[in-house]
Amino acid sequence: MTDEREVLTYELFGTAARELAEQVAADGFEPDLVLSIARGGLFLGGALGYALDVKNLFVMNVEFYTGVDERLDLPVVLPPTLDQVDITGANVLVADDVADTGKTLELVRDFCTGYVAEVRTAVIYEKPRSLVRCDYVWRHTDRWIDFPWSSQPPVRSRSDRPAH
């Protein structure tokens, strides 16, 4: 991995989201709902919902990264958990900011399998090592990515968080 970083601005994010929506539409896939992986996928999920005229937006909270290149051994679904009855029989578009190792996307895709009609994945960035080959990808990179929503420290740090 190089020391150079991929830098995504809010303006470029708008372009990425629109171009991903155009990929989905051109492919003929019509999602019944967009399932965002929180937190990074929330931005893309909302943008795709508007661009694809999908009003049913759902969220799964999955924790994997704890810092720059620091992660848990396995991704963990955090409460509140999505009720599978809400997605049964649906065409689901899973949205996330990046497919890095792919383990988070794999977890969410496996959660949906057997309940949904079809599940497809859309990400802004996909890294070469990802276990999951996403259906819709804006850019491929092997660099660390500075996203506009996480490149600066929090305005206020949460001191009441439990230690992991």
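**Aromatic contacts**

1. Phe147 and Trp149 are both buried, where buried means under 20% relative accessible area, exposed over 50% and partly exposed in between (1.4 Å probe, protein chains only). The model is a predicted one, in which local features need pLDDT of at least 70 and side-chain atom pairs count only at pLDDT 80 or more, while totals for chains, interfaces and linings use all residues. Residues are numbered from 1 along each chain as its sequence is written, and side-chain values use heavy atoms, with hydrogens and water left out.

2. Rings of Phe, Tyr and Trp (its six-membered ring) are paired if their centres lie within 6.5 Å; planes under 30 degrees apart count as stacked, over 60 as edge-to-face and the rest as tilted. By this rule there are six aromatic pairs. The Phe13 and Trp149 rings are edge-to-face, because their planes stand at 85°, with the centres 5.3 Å apart. This pair links distant parts of the chain, 136 residues apart: Phe13 belongs to helix H1 (residues 10–27), and Trp149 to the segment after strand E8 (144–146). Helices (H or I, at least four residues) and strands (E, at least two) are DSSP runs, numbered from the N terminus.

3. Phe13 is buried, as is Trp149. Trp149 also forms a stacked pair with Phe147, at 5.2 Å centre to centre and 15° between the planes.

4. Ring pairs join Tyr10, Phe13, Phe43, Tyr125, Trp138, Phe147 and Trp149 into a cluster. Of these, Phe43 lies in helix H2 (residues 41–51). Phe43 counts as partly exposed because its relative accessibility is 34%.
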